[in-house]
Structure formats: C-alpha cells, structure tokens
Amino acid sequence: MNYQHLERYYKGKKVFLTGHTGFKGAWMLSWLHALGAQVKGYSLAPENEYDLYNVINGDDMCESVIADIRDRERLKNEIISFSPDFVFHLAAQPLVRLSYEIPAETFDVNAVGTANVLDAIRFLDKPCAGIFITTDKVYENQEWQYPYRENDRLGGYDPYSASKACAELIISSYRNSFFNINSHSAHQKAIASARAGNVIGGGDWAKDRIIPDIIRALRQDQPVSVRNPLSVRPWQHVLEPLGGYLHLGTKLIDDPTTFSDAWNFGPLSEDNLTVEELVNIALKAWGKGAYDKPGLVGQPHEAGLLKLDISKTVANLGWKPKFTARVAIQNTLEWYLKTEQGEQAADLTTQQIAQFSYG
C-alpha cells in the first residue's frame, strides 16, 4: 500500500513518542518528521554514539525528554503538558535473552511502563489516539504451523514474552475500564495495540539480534554465529510495521470505536524464512562472509517456530506488507553497505522512507 494519505493526518499534529531513541523509535521519528508532525520524544538516552538516533540527528527532529518510562509522575506531566493528538508507545526492554538476566526489570518496564502511559492518557482533556506496540511473542506459543490470531491465548515462556503479554492484558483492562468504546463520546480516547516482531532494518546495533550480529561479524571478517538456524520467524522490514502503526492511527481518528482493538502486523503466511535462510540472503547481499552453528547447549530457551495471522489486519485495516522477506533483507543490508561506503545514515533513512511511502 502507499502512504500518501498520512500527511493529511499527521502534519502539524502533536505526537508523543516513547522509545524515540531506540532503533524502531528513531525510524518512526524520522518518518513523523518527514510528515510534518510536532514530536515530543520520551526515552532513555541512546547507549552509543553510533546508535541510529544519534547518526540521524534525532535531537533536531523533536523535543527530546530523556527520562525513564517507570517514572510515572514525570511521564504524566510530560504527556499532559504536551497535550498530544497521538501517543505511540514504543519504549520497552526489547530483548528476549536479556530478559533472562533482568527479569524483574523487564516486567517493570514492559508491563508497568505501559500502565503508566495509559494512566497518563486518562488525564488528557482532549481527543487522543493511543497506539501501543507489543510484539508477535505475546501468544502462548505451541510451536505449531498454525499462525496466531489476535483472539488466541496470550502467554510467554521467557520473561520478555510474558511481560508483553501482561502489557496486552493491561491495555485491554484500561480500554474496558476507562476508554470503553461505548462511552467514547465522553472520554474521546481511542486505544489500540499492535503486535509485530522480528523487525529488521538499517541502524540496528542491539546485542543478540541476527542482523546486527551479522554486520558485526562481517566487519571483523569473522563467521556469523547462528544459534537457531532452523527457527522460523515472521521477518519484516522496520518500515512495514511502522507504516502499519501510522495507518492504524488514521483509522483511530476516522472510526475510533471500530479500530480500538489488537492488530497483528507481519509478512504474508507463505513468506516466513528460517534464520539460516536469512543469513544466506544477507551474506549474498553483502558479497562475502560465512557462518557457523555453535549449537544450543547451555543457551536460554527461544521459540523455534512463530507465525502470525494478519488476515484481520489485511481485511479490516486495508494494510498488507509491501516487501517480501527477501527484499526486506536486501534493503537492510544495502543500508549498512552504503553507510560503510560513506553515505550519510540520515540521508539513507530518509530515502528509504520516501521510496517505501511513495514507491
């Protein structure tokens, strides 16, 4: 789908964006800036000088508040004082393996942090659309071929997945208790959750994610370590779900009572690749490299098979992915290759957004 309609909804509008200094948040910030939105970001500081937010000069695109999502009063004050038209909640502890090391903090950030954002929206005295980003891992994963639908049972083996399932329950509770669609004319809030995962794209340097691991290995002329070569994931370019979130925001404005719900964003059902297939495509796009398989002995549990059913999103939102997984991988590697060759990350990011939006 094309996204020419987005400017009509976001130009000049106030958008409160949590997690704006993260990988997905920086891409979202760049897109919102291109649309002419007035953005206030709320997040922890970027961890490294080379993080995407820094290399695209994110401070020039928004009012940046460096603070913790767990600071409820600070968060509430920042949201109320800004009086946003939209809230996009992306702030999270996003790593499965790290969640085994800091489980309590993961639950605090992902579950309680979500409740803090929702609670602040309660005190806004104006219409507001809230889009809360969770993950494809919120489902109780039985590792079967059946793709998970929005009404399937929530769960989570690891602390990250479970914390995001908790966030979904919190979103549902607030939506029923405080933002009920039957009383929308009184509160004027529309709340939706978006479930997407295994997102790839330029500028991601997180630990224990496959694309950053590949790029770090290639830079050092080392083989890529592939822990779970046969694991199947719904790979998608970062612009796919972000475009979906922005499109969902427009739907919440047009018809808040219909679209205040949970939505899956992922590739088409026939377009799921294994980790090993992704690695082979990435190495071919880079032009060199190799990988090894160290095995899983002593490694924490990670799901082996995960697929999303996006039929509800396709039918009701009118959204569907533009890229195949193969094209998503190729575009991602192109971003890293071109920055290696000296092109500016900010320019590449803007170009890829424009090509995706209007191509």
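**Entry 1: Gln236**

I began with the side chain of Gln236, where a polar atom lies 3.0 Å from the backbone oxygen of Phe265; a polar contact is a pair of N or O atoms within 3.5 Å, in which, within protein, one must be able to donate a hydrogen and the other to accept it, and residues adjacent in sequence count only if both atoms are side-chain atoms. The model is a predicted one, in which local features need pLDDT of at least 70 and side-chain atom pairs count only at pLDDT 80 or more, while totals for chains, interfaces and linings use all residues. I noted too that residues are numbered from 1 along each chain as its sequence is written, and that side-chain values use heavy atoms, with hydrogens and water left out.

I then placed Gln236 in strand β10, residues 236-237 (helices are DSSP runs of H or I with at least four residues, strands are runs of E with at least two, and both are numbered from the N terminus). Is Gln236 buried or exposed? Gln236 is buried, because its relative accessible area is 4% (buried means under 20%, exposed over 50%, and partly exposed in between, with a 1.4 Å probe and protein chains only). Leaving aside neighbours within four places in sequence, I found Gln236 in contact with residues including Ala196, Asn198, Pro241, Phe265 and Ala328, where contact means heavy atoms within 4.5 Å.

**Entry 2: Ser357**

I next looked up Ser357, which lies in helix α15, residues 345-358, and which is buried, with a relative accessible area of 2%. Not counting residues up to four places away in sequence, Ser357 touches Asn2, Tyr3, Gln4, Trp31 and Lys322. I also noted that the C-alpha atoms of Ser357 and Leu239 are separated by 9.0 Å, although these residues are 118 apart along the chain.

**Entry 3: α9 and α12**

Which way do these helices lie? I read that the axes of α9 and helix α12 (residues 275-286) come within 11 Å and cross at roughly 40° (axes are lines fitted to C-alpha atoms, for helices over the stretch in contact, and angles run from 0 to 180 degrees between N-to-C directions). The two helices are therefore oblique to each other, since angles under 35 degrees count as roughly parallel, over 145 as roughly antiparallel, 65 to 115 as roughly perpendicular and the rest as oblique. On the α9 side I listed Ile210, Ile211, Ile214, Ile215 and Leu218, and on the α12 side Val275, Leu278, Val279, Ala282, Leu283 and Trp286.
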